[in-house]
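The sequence and the model come first.

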Amino acid sequence: MLNFNEFQEHIKNTILDYLPEEFSDADVDLQQVAKNNEMLTGIIIHQEKINISPTIYLDSFYKDYLSGCKDLDTVMGEIGQIYVQNVPDKNFDVSRITDFELVKDRIIAKVICMENNEKLLEGKPYRQMADLTVTYHVLLSKENGMMTVPISDKLMQSWGIAEDVLFTAAKNGMSNFTPVTIKSMTETLIEMCGEEQFELMEVPTEADEMMYIMSNTENVNGAAAIIDPNNMDLARSYMQDDFYILPLSVHEVLLVKQNQMSVKELEDMVKTFNASAVALQDRLSDHVYKYDFARYEIYRADQEQQRLAELNAEQARTHAAGR
């Protein structure tokens, strides 16, 4: 049984044997990459005529190998297959990334938690919303999953734009490529379990009136839907009331109508769900949020009184200055 360092080196030295002949002259590198809440080891395969390559993360593959559920040959085959499936869209010239006008319609956002992600955020533009962070990416391909490249400070500066331009572009890009979805608990559970299994679950019909799942059409990084006021207005029309936002993962949030449970009870529910059912790289936050429709702002529900005091103080200062 190989240790992790030996496993990495074996893949680096032999992965080209598991790729089509067109990759025979490619270079293979290993790299430590900061991801949401953790550092991962990735393998990157560079082809001469392609200046952007997907990164395949090895940590989960090593766990499968170590547990004995997959042998080394199976792991190698899967890594090779994933790489081939995720090479950039041949219809998209990645050299266009240097021209903002050519890629502005392909910019999308992801939402992560500020905590534990300082390394990931280094050298990148972002926007803080409560203790959540909006990051920006160029969508390269949707053919075999969402392949994106993060936007760096250097790239943004070369475009000659500011972060607020990226924010607007990301909202538009998400509307075009990953439109918001809002589904009732019934719709969600039937999709997950099938209609027959759902019938056996005996879910109360009132659950559809109290809770909805917000994500996007790809079910990937769907929590970013909360950054768009249009999506939040749509959510309010479903809920028919103000609501709490529970971050189930970076891929979706749960909308819960107010006055159903206390903020403390909802936070306990989120923490339990995160600890038992959400992989570390998909974890968003242990907190519960609300949305200020007048100010288009997300804030932590457990800090509502503090926020109200700050807004009142700000209003008083503005009023005094206007005298």
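The sections below describe a predicted model.

Strand β8, which spans residues 180–184, contains Thr 181. The relative accessibility of Thr 181 is 16%. Because buried means under 20% relative accessible area, Thr 181 counts as buried.

Leaving aside residues up to four places away in sequence, Thr 181 touches Ile 213, Met 214, Ser 215, Asn 216 and Thr 217. With Asn 216 there is also a polar contact: the side chain of Thr 181 reaches the backbone nitrogen of Asn 216 at 3.5 Å.

## Aromatic pairs

How many aromatic pairs does the count come to? The count comes to nine. In the pair of Phe 100 and Trp 159, the ring centres are 5.2 Å apart and the planes stand at 50 degrees, so this pair is tilted. Phe 100 belongs to helix α4 (residues 100–103) and Trp 159 to helix α6 (residues 153–159), so the pair ties together parts that are 59 residues apart in sequence.

Phe 100 is buried, at a relative accessible area of 10%. Trp 159 also counts as buried, with 10% relative accessibility. Elsewhere, ring pairs join Phe 4, Phe 7, Tyr 62 and Tyr 65 in a cluster.

## Charges over rings

Two arginines are described here with a phenylalanine ring. Arg 127 lies over the face of Phe 167, 3.9 Å from the ring centre. For Arg 236, the charged end sits over the ring of Phe 293, at 4.1 Å from its centre.

Terms used
Residues are numbered from 1 along each chain as its sequence is written. This is a predicted model: local features need pLDDT of at least 70, side-chain atom pairs count only at pLDDT 80 or more; totals for chains, interfaces and linings use all residues. Side-chain values use heavy atoms; hydrogens and water are left out. Helices (H or I, at least four residues) and strands (E, at least two) are DSSP runs, numbered from the N terminus. Buried means under 20% relative accessible area, exposed over 50%, partly exposed in between (1.4 Å probe, protein chains only). A polar contact is a pair of N or O atoms within 3.5 Å; within protein, one must be able to donate a hydrogen and the other to accept it, and residues adjacent in sequence count only if both atoms are side-chain atoms. Contact means heavy atoms within 4.5 Å. Rings of Phe, Tyr and Trp (its six-membered ring) pair if their centres lie within 6.5 Å; planes under 30 degrees apart count as stacked, over 60 as edge-to-face and the rest as tilted. A charge sits over a ring if NZ of Lys or CZ of Arg is within 6 Å of the ring centre and within 35 degrees of the ring normal.
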